[in-house]
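This report describes aromatic rings and the charges placed over them. Please keep the sequence and the model in view while reading.

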Amino acid sequence: METVNRIRLPGCRPEPLSHYLKGLGVLRILGTQLEGATVRACWATDEFCLEAPLDAAELVAFFLDRYRPTPVIAPWNGGGGFWDDRAAGRALRHVEASTDPRLAPYREAIRAARQAAESLGITDAPKDESKARLLRVLRATLPDEALDWLDAVAVLTADKPQFAPILGTGGNDGNLDFSSNFMQRLADVMPFGGDWAPPGRRPRRGQAPSREQSAAWLRAALFREGDAPLLRAATGQFHPGGVGGPNATTGMEGDSMVNPWEFILLIEGALVLAASVNRRMGTDTYGRAALPFTVSATAAGAGSLTDMDEAKARAEIWLPLWRQPATWGAVRQLFAEGRAEVGHRQARNGLDFVRAVVSLGVDRMVNEFLRYGVLQWYGKSHLAVPLGRIRVQARPLIRLVDEVEGWLNQARSVAADAPQALRQAVRRAERAIFAYAQREERAALLEVLAALAEAELVVSRSRKLQERLNPIPWLSPRWLDATDDGSAEFAIAAALASIGNPGVNQTPTRDRDTEPLRYHWLPVTEARGRLDWTDPGDRDVSLTYLLPDLVTILQRRLVTMEQRRLPRMPIRAGRPLPLEYVDRFLEGRVDDGRILRLLPALALVKCRDMASMPMRKAPVPLLSRAYALLKPLCMPEPLRPRQLQGQELTLRLPLEVLARLRAGDLERSLDLAARRLHAVGLTPIGFRTRQYLHLKPPDGSPLRLAAALLLPIQSAQPLLDLILPEADNQMKGRDLV
């Protein structure tokens, strides 16, 4: 049996991208060129680890003496060396003239490429249609060893070639051609023979690169050993810290520096992404190249990235990390499938991908994903910037986002040329989805709802936006369970949102004043279960100030009751509020601003009808007698007070009461309520002496008292017990006179 050694490669780490690809390159080369041996690899404590029948010294010797470079050529590019006599052309001809048997596939690939160009009559760097024809001929005529590179670079669709973002635009990034640099770096470390020397160094005819120097570079690249000097050469988008430029060093300008073995191995690793393209050669439903773990860029979840960064980015690449040792075949299959599914479709952008990761829509071999954005740098070049990590773990509640996926995708496309408020709301929703995927906090899902509600409000105010975007369809009751943070503000907002809710009223009428509370601030109508817009000016409140808006809503519903002679108050709710929360609201011990923000968010959700369910038993708080005098007149169901042996009473709050409360006339409001109760046989304490005229709400605000009348409660009996003589010795109100 062969001896298997575990070799840690500290030089191959998840960040930067060049170090990640370097690890893949090592595994790919060993898996395909170390014949008769099984090699496994994994990521452990942020280092790439090999399990192979080699030790560290033998691994270095293998790359120095037995490594066969993959033919990396780009005859379709002007900088690929086929069409000039500069450094790129000299490097290409040097490979052609080499005698090293390890470069035989390289020489054959160059020869096949020249023949393909000649057959098409191409004598200069091809462009547009000529480039597309050359790529198709190369795909059919290049030797197998060269196809991995071609397939990693380009996808030959029916329309035109599309290029993999990880390798720029066809194997180059601006003036930097990866194939030319690959050949130059090979000449730095391999004994080609001839008179090649990198730019800046005089050629020494017939002298091969120093084996000791090559080994030093290799040990530094793999094990971070020694201090081998770097070469002044381009590194491309793979290593942002090594590209040089302004402020790159202590001086004004820094040079781009590279370890030649590092560049060679990262290019070899980038070819791992070729397997998927080679098998599928396909496009997604939007006609874009289908590349493994590569999606459109999303600014959400990426710190300070802006919409402009997103628009200029080439793509996002989500690279897998796995902890269990896997063979090259398993890793190749992982990348070949590139599976990231949301529901029954492939992920299309970063938001889709993060949802796939936390809903287990990815390969179970993967433990974590490292997210890279290929972002524009200094206005022209691109850099692969790490944007964070996401662990692969089940967060079932992320499936709730499926309910708003269609609306959110449509809103994202509409927001491109819409008011900034819509773009900001959409971005907030996307950031909240990312936040939930990372931390699984209820607050993040609640923020998703709040941002969606704000976006819908923006759309509701513009006829042009209404023509492009429908109202958000009703969401399932699971959202309420998933976002309930146990706060009084949530309970109050959810109770208000449940008034007229379709989960409570199974057959709502078309009259907006007896329908869900949501329709008071949205110009919405519902027909056959489908929501549609009406005139943007057809709104009752703007949700700017909580207390006056709640009073306006209640007043509008009272008017409807009077006009239509409805048998009961049109304020039936599915989530009655415990009296302890009513007490907190009356005292002003809640955050009105947060209630105002949560109300439109929770009003998007259908609620379960909990009005008939037993309420949890809790001590009755010392409620305001002023509230207890008014609220029994504002109940959606008939009263059955035990003081009248269960006789059924239908009471209505006079509109004048609300008008008086708005005007600050508390005494007249209480007098009207007391007289209405007395008229049906429920005479309040101190009715004859008008003691109730001296009652005051806890916070002294008649407007808050009026707003509290809209809060749904399960039963008015505790309030009647507080104000009727039969219970005078048992109940004590805090404002008893």
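Buried means under 20% relative accessible area, exposed over 50% and partly exposed in between, with a 1.4 Å probe and protein chains only. The model is predicted, so that local features need pLDDT of at least 70 and side-chain atom pairs count only at pLDDT 80 or more, while totals for chains, interfaces and linings use all residues. Residues are numbered from 1 along each chain as its sequence is written, and side-chain values use heavy atoms, with hydrogens and water left out.

Rings of Phe, Tyr and Trp (its six-membered ring) pair if their centres lie within 6.5 Å, and planes under 30 degrees apart count as stacked, over 60 as edge-to-face and the rest as tilted. The search of the whole structure finds 17 aromatic pairs. Among them is the tilted pair of Phe 63 and Tyr 67, with 6.0 Å from centre to centre and 45° between the planes. Phe 63 is buried at a relative accessible area of 1%, and Tyr 67 is buried at 0%.

Phe 82 and Trp 83 also form a pair, which counts as tilted because the planes stand at 45°, with the ring centres 6.4 Å apart. Here Phe 82 is buried at 9% relative accessibility, whereas Trp 83, at 22%, is partly exposed. Elsewhere, ring pairs join Phe 293, Trp 318, Phe 335, Phe 353 and Phe 369 into a cluster.

A charge sits over a ring if NZ of Lys or CZ of Arg is within 6 Å of the ring centre and within 35 degrees of the ring normal.

| Charged end | Ring | Distance from ring centre |
|---|---|---|
| Arg 518 | Trp 474 | 4.8 Å |
| Arg 704 | Phe 585 | 5.1 Å |
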